[in-house]
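Good morning, colleagues. Please turn to the structure on the screen, which I shall describe in a few steps.

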Amino acid sequence: MVQFLDDCPIGYFSVDEEGRFLSANTAFAHWVGITAEELIDGDRRLHELLYSEQDAALPAWSAMGPLSVGEVIFQHASGRRFTAYVTETLLNDGNNIRTRTLIRDLSRERDTRTALRQSEERFHRFFDEAPVGIALLDANGLINECSAA
């Protein structure tokens, strides 16, 4: 199971009731700029990796508070922030609390959407302002769209 989680393209970590890392996969460690070994063997706590303007009243073990899924802002060791979609499961055996948390970094998806939107805007501006006539035809040769010229 550990090898499977380490090779996943999504992040994973588990923390105890004090927010200390019990496990973390390579993807999550890379996203926060700290090796998995440093997360697990070091003194880092979950809240040290969350963007500081988030609710300080969250329990030490939680990135989400009472919610179990949603978006959270993490901070890379370099200071760069990234938004992640988090699914957090709380395990409480009566004596100990620990979590199982899956994370999907949304940065690349959002960057791709932004680039696509900007590309579409440039195309429409070019199409609308072209000094020559441009027409888009359907399979029957009927004009679907045309430039002002």
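Arg20 is partly exposed, with a relative accessible area of 35%. In this predicted model, Arg20 forms a salt bridge with Asp16, and the closest N and O atoms of the pair are 2.9 Å apart. Is Asp16 buried or exposed? Asp16 has a relative accessibility of 9%, and because the cut-off for a buried residue is under 20%, Asp16 counts as buried.

Let me now turn to the chain as a whole. The chain has 149 residues, and buried residues make up 32% of them. Its secondary structure comes to five helices and seven strands. Along the sequence, these elements follow the pattern α-β-β-α-α-α-β-β-β-α-β-β. The chain exposes about 9,700 Å², of which carbon and sulfur atoms supply 52%. Among contacts with a separation of 6 or more, 34% come from residues 24 or more positions apart.

I continue with the sheet. In what order do its strands lie? Five strands form an open sheet in the order S2-S1-S5-S4-S3, and their pairing is antiparallel. Strand S2, residues 21–24, and strand S3, residues 69–75, stand at the edges; each has a single partner strand, so one side of each is left without a neighbour in the sheet. From one strand to the next, the twist averages 30 degrees. As a general point, the strands of a sheet pair through backbone hydrogen bonds, either parallel or antiparallel. Here, strand S1, residues 11–15, pairs with S2 in the antiparallel sense over three bridges. Phe13 stands opposite Ala24 in S2.

Phe13 also leads us to the nonpolar core. The largest such core has 24 residues, and Phe13, Phe28, Leu39 and Phe74 touch the most other members. Which elements give two or more residues to this core? They are S1, S2, helix H2 (26–32), helix H3 (36–41), helix H4 (46–49), S3 and strand S4 (81–92). H2 provides the largest share, five residues.

Finally, I return to the surroundings of Phe13. Leaving aside neighbours within four places in sequence, Phe13 is in contact with several residues, including Phe21, Ser23, Ala24 and Phe28. The contacts of Phe13 also include Leu46, Phe74 and Ile103, together with Thr99, Arg100 and Thr101. Thank you for your attention.

Definitions and conventions. Residues numbered from 1 in each chain as written. Predicted model: local features only at pLDDT ≥ 70, side-chain atom pairs only at ≥ 80, totals over all residues. Heavy atoms only, no water. Pairing = 2+ DSSP bridges. Helix = DSSP H or I, 4+ residues; strand = E, 2+ residues; numbered from the N terminus. Axes fitted to C-alpha atoms, helices over the stretch in contact; angles between N-to-C directions. Buried < 20%, exposed > 50% of the residue type's maximum accessible area, 1.4 Å probe, protein only. Contact = heavy atoms within 4.5 Å. Areas by Shrake-Rupley, 256 points an atom, 1.4 Å probe, with all protein chains shown as cover. Core = buried A, V, L, I, M, F, W, Y, C linked by side-chain atoms within 4.5 Å. Salt bridge = Lys/Arg side-chain N within 4 Å of Asp/Glu carboxyl O.
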